[in-house]
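The briefing below concerns a single protein chain, shown here with its sequence and its three-dimensional model. Please keep both in view while reading the points that follow.

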Amino acid sequence: MARHDTARTIAALVDRARAKGPVRIAVADAAQEVVLATMQRAMQEGLAEPHLVGPRADIEPLAAAAGLKLDETCLHDSGADADAARLAVGLLRDGKADVVMKGNLHTDVFMRVLLDAETGLRVPDKRVSHLFLLEVPGHDRLLGTTDAAINIAPDLAAKAQICQNAIDAFHAIGVAEPRLAVLSAVETVTASISSTLDAASLTLMARRGQITGAIVDGPLAFDNAVSPRAVAEKGIISEVAGRADILLVPDLVSGNMLAKALEYLGGAKAAAVALGLAAPVVLTSRADTEETRIASLALASLLWRSGGASRATGMGEELHRTMRAAPMAETDCHPLPLRDLAK
């Protein structure tokens, strides 16, 4: 099998998802014009069967402005923010939706609902992580960056599961054996830079079967991970260097800066999803464009069809990895405020 037997561009990824038919998508707090415009386009292109969740009084005028006919979709009247998120997740748990999408609400509110131990989409012993899939102009392949939105300062055990989540996602889009670069500032193991120590450990873990399905190497600086010229100049010998498919970043701050720099200054097209839950979750910024949302929906659709997530009712049995993270406190996952979400 060719290493890249699937899409090399976001457009090709969307085409592949479209060819497989629509998925049922529950949109948490859909009262945002760009969200509704995205759903109209997703319906027209055969990507999605939308379930719009949120205050009817807010959704109806915005839907009219976006040209979305509500009699062609399902509208679930609810409160805003957390109330809408809980109802959207409930649709999936009840088997009425396949994918969940964040609408016009804050990520911290959405994540708290997703991670609720009783009513959310948590899977035992699975770490939740985020994946940006980027199409960078002039680069020859789609580039995964993880984790730039959920895990703030992951330790070694968390990084191992973040790696595995991203690897499994790349399998779902057709990359049989992705190359994963564990990033740091340098390509040598240096005791004073802790991310290089984690990188060396993750490389060894992959060689010994604790992380599976990919070629893993690190530490590698960003240039060494993506540029064959930089690799040649520095004389680095590696199966991953210069040809990475996935970039594992040291922490959320560095990953967020990297992904957004590529998008906003480098002109990259992006898709964004949360992984490690009982179903794929479209997790974009409220500032993201319709194009990014369509791409993210397409990625989530392919992930769902791959069977990589436990589907809807009952959540299913999850295979335990060799590295198992302790139960993840919400405050370790995302900087959640302590306000009462019921308000």
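Helices (H or I, at least four residues) and strands (E, at least two) are DSSP runs, numbered from the N terminus. The model is predicted, so that local features need pLDDT of at least 70 and side-chain atom pairs count only at pLDDT 80 or more, while totals for chains, interfaces and linings use all residues. Residues are numbered from 1 along each chain as its sequence is written, and side-chain values use heavy atoms, with hydrogens and water left out.

**The chain as a whole**

- The chain holds 12 helices and 11 strands, and buried residues make up 56% of its 343 residues, where buried means under 20% relative accessible area, exposed over 50% and partly exposed in between (1.4 Å probe, protein chains only).
- Among contacts (heavy atoms within 4.5 Å) between residues at least 6 apart in sequence, 74% join residues at least 24 apart.

- Helix H1, residues 10–19, has Ile10, Leu13, Val14 and Ala17 as its buried residues. Seen down the axis of H1, these fall within an arc of 100 degrees, so they line one face of the helix; the arc is that of the directions from the helix axis to the C-beta atoms.
- The cover over the buried residues of H1 includes strand S5 (129–135), strand S10 (269–275) and helix H11 (290–305).
- Gly21, which follows H1 and has a positive phi near 95 degrees, lies in the loop between H1 and strand S1 (23–28) and is buried, with a relative accessible area of 15%.
- Leaving aside neighbours within four places in sequence, Gly21 is in contact with Gly46, Leu47, Ser301 and Arg305; Gly21 and Ser301 are 280 residues apart in sequence and 9.0 Å apart in space, C-alpha to C-alpha.

**Helix H7**

- The 14 residues of helix H7 (residues 194–207) should span 20 Å at 1.5 Å a residue, and the end C-alpha atoms are 20 Å apart, which agrees; the expected span is 1.5 Å times one less than the number of residues.
- The buried residues of H7, among them Asp198, Leu202 and Met205, pack against helix H6 (156–172), strand S7 (179–183), strand S8 (215–220) and strand S9 (246–248).
- H7 is followed by Gly209, whose phi is positive, near 85 degrees.

**The largest pocket**

- The largest pocket has a volume of about 380 Å³, and of the 22 residues lining this pocket, Thr107, Ala149, Lys260, Thr284 and Ser285 are the closest to its centre. (On a 1 Å grid over the protein atoms alone, a pocket is an open set of points where a 1.4 Å probe fits, with protein on both sides within 12 Å along at least five of seven lines, and lining residues have an atom within 4 Å of a point.)
- S5 and helix H10 (252–264) are the elements that give two or more residues to the lining of the largest pocket, and H10 gives the most, with 5 residues.

**Backbone geometry**

- The peptide bond from Thr146 to Asp147 is cis, with omega near 0 degrees, and Asp147 has its place in the loop between strand S6 (143–146) and H6.
- A cis peptide bond also runs from Gly218 to Pro219, with omega near 10 degrees, and Pro219 is found in strand S8.
- Asp81, in the loop between strand S3 (74–77) and helix H4 (82–93), has a positive phi near 50 degrees although it is not glycine, and at 35% relative accessibility Asp81 counts as partly exposed.

Conventions
Grid points are joined across faces, edges and corners, and a volume is the space filled by probe spheres set on the points.
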